Each structure stands twice: as structure tokens, then as C-alpha cells.
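Hello,

I am passing this structure on to you. Please look it over first; my notes follow below.

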Amino acid sequence: MNKPRPRHLDLFTIALPIGAVVSILHRITGVVLFLLLPVVLYAFQISLSTTNHYKIESYIYSGIFKFFIVIWVMAYFYHLLAGLRLISFDLHLGTHRLSARRSAFWVLVLGAVGALMIGVLAW
Amino acid sequence: MGIGPWGCWRLDDRGFGVVRRTVAGARFGVRDWLIQRVAGAYLALYTLLLLAYLALHWPVEKTSWAEWFRLPGMRVATLLAFGALFLHAWVGMRNIFMDYVKNAGVRLSLHVVVILLLVAYFVWVVEILWSLPVAA
């Protein structure tokens, strides 16, 4: 007699609330940060090496390597912002629906602005 | 009988309800949540430290950069930061696998691969930081 109500939860076609966008980007940047770790560690190693790696350094500070470093820094910055938002939720700050929406908005805006600035700084 | 990502309920021989847990099952504990938060907070502070240094010494030349990392306090703080980073990354990746990988065997293998990578990275960081000549 009572058919179950239809549910449509296809995440790829529904209109995601802004908090969901922040959250999935947080997760995606997390994976990117993990996958690019060897690149970052290598750059760190080169930056501290006492021998003169002129050829390696010129390779690192240009081109595809630099591109990945910059991507990593941008992802780190966004991930940090979204993470701060989550920590504030853990501390019960701004958990009201509208406050959360506003903080989500600002995370996205500041994340984009930060990424832009990082890109400008790098190139 | 319900089946969750961590195992399934059933009755054992004596009629008690038990959960049969898969070895790579979900572990929703306060401990991992806390590890991720504390590690994240430490990383945020360390990042501020790094940014402050960069802001004060821009443009940074290589010798002063290496000098700074040679300070014993800086070495330890940096090692802790990387440790925190890898712990934080481990909890994050584990959550992702728990959410998206249903097959226990595949999930376990992924966990092992990630753990091995992170431990290897940590050893690499130790080598990077401690192959520097000691600061005066």
C-alpha cells in the first residue's frame, strides 16, 4: 500500500550544497597532497643539500617539477582552510546551518584567491 | 543479520550475537579522530612558522635556508611536523579506503601499501635532516 518514497542520491547529478563542495574538495586535495609527497620530499632534499646540484636545481625550479610543487602548495593551502573550518566545528563554533554555509563560502573564496596568489608568486 | 563495512552480525554456537570483523574493517575510534586533529593543528602551527621565516627572509638564499634547518630545535620541530603529516595522511587515506573500497582484500592491500610508503618517507626525512652538518 505504501510505496517507499523515491530517492535520488546520484551525487554526480544532484545540486550539491556548498558544504558538500567544500568537503569533497577537501578530500580530493588530501589525496593530491598524499600522491605528490615524493615530489615535495625530493625538492626539500635538494633545497638542503650542501653539494652543488646546479643541473638538478635548474631542473627543479622550472618546468613540470615546479608545476607539481605549486599544485601541492595550492592544495595544501585549500586543505588547510577547509581543515580549519572542520576544527571549528569540532569546537562547536559556527555549526548553525547558516554560519556553516557562510564559512564554506569563505573557504572556497579564500582558497581560490590563495591559489591565484600562489600561482602569481610562482610565475 | 546485518552487514556493515566492518563485519556482519550473526549468532555463535552458544546463541550470542557476535560481529565477525574483517581485519581491514572500519575502526571508528576517537583515537584516530584525535590523531588527525592534533597532527593537523601542529602542522598548521609549523606552517605558520615556515611562512613567518619566508616572509622575513624573502628572497631566501640557499645557505641561510640550510642554516635555519640545521638548528637542533628546527630539526626536531621539522621531524615532528613530517611525522604529524604522515600520521594525518594515514588517517585520511584510511578513511577514504574505508569509504570507497568494499573488497576487504583490496582494502587491506591498499592500507599496507600506504603505510609502507609513509614509513619510507619518514625514513627519507630523517636522512634528509640528519645528513646536514651539525650547526654550531
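**Confidence in chain A**

This is a predicted model. Among the elements of chain A, the highest mean pLDDT, 94, belongs to helix α1 (residues 18–35) of chain A, and the lowest, 65, to helix α3 (residues 54–60) of chain A. For chain A the mean pLDDT is 87, with 89% of its residues at 70 or more.

**Where the two chains meet**

Chain B brings 31 residues to the contact and chain A brings 22 residues. Between chain B and chain A an area of about 2300 Å² is buried, and carbon and sulfur atoms give 73% of that area. On the side of chain B, the residues that lose the most area to chain A are K62(B), W124(B) and I128(B), which together make up 24% of what that side buries.

**Polar links and the side of chain B**

There are 2 salt bridges between chain B and chain A. D99(B) and R27(A) form a salt bridge in which the closest N and O atoms are 2.7 Å apart. Polar contact is found for 6 residue pairs across the interface of chain B and chain A, with both residues at pLDDT 80 or more.

Four helices of chain B, namely α1 (30–57), α2 (62–70), α3 (72–100) and α4 (104–130), each supply at least two residues of the side that touches chain A. Of these, α3(B) gives the most, with 11 residues. By type, the residues on that side of chain B are 23 nonpolar, 4 polar and 4 charged.

Regards

Definitions and conventions: Residues are numbered from 1 along each chain as its sequence is written. Chains are lettered from A and ligands numbered from 1 in the order in which they are written. This is a predicted model: local features need pLDDT of at least 70, side-chain atom pairs count only at pLDDT 80 or more; totals for chains, interfaces and linings use all residues. Side-chain values use heavy atoms; hydrogens and water are left out. pLDDT is the predictor's confidence in each residue, from 0 to 100. Contact means heavy atoms within 4.5 Å. Buried area is the accessible area (1.4 Å probe) that two parts lose on being put together, summed over both. A salt bridge is a side-chain nitrogen of Lys or Arg within 4 Å of a carboxyl oxygen of Asp or Glu. A polar contact is a pair of N or O atoms within 3.5 Å; within protein, one must be able to donate a hydrogen and the other to accept it, and residues adjacent in sequence count only if both atoms are side-chain atoms. Ala, Val, Leu, Ile, Met, Phe, Trp, Tyr, Cys and Pro count as nonpolar, Asp, Glu, Lys and Arg as charged, and the others, Gly among them, as polar.
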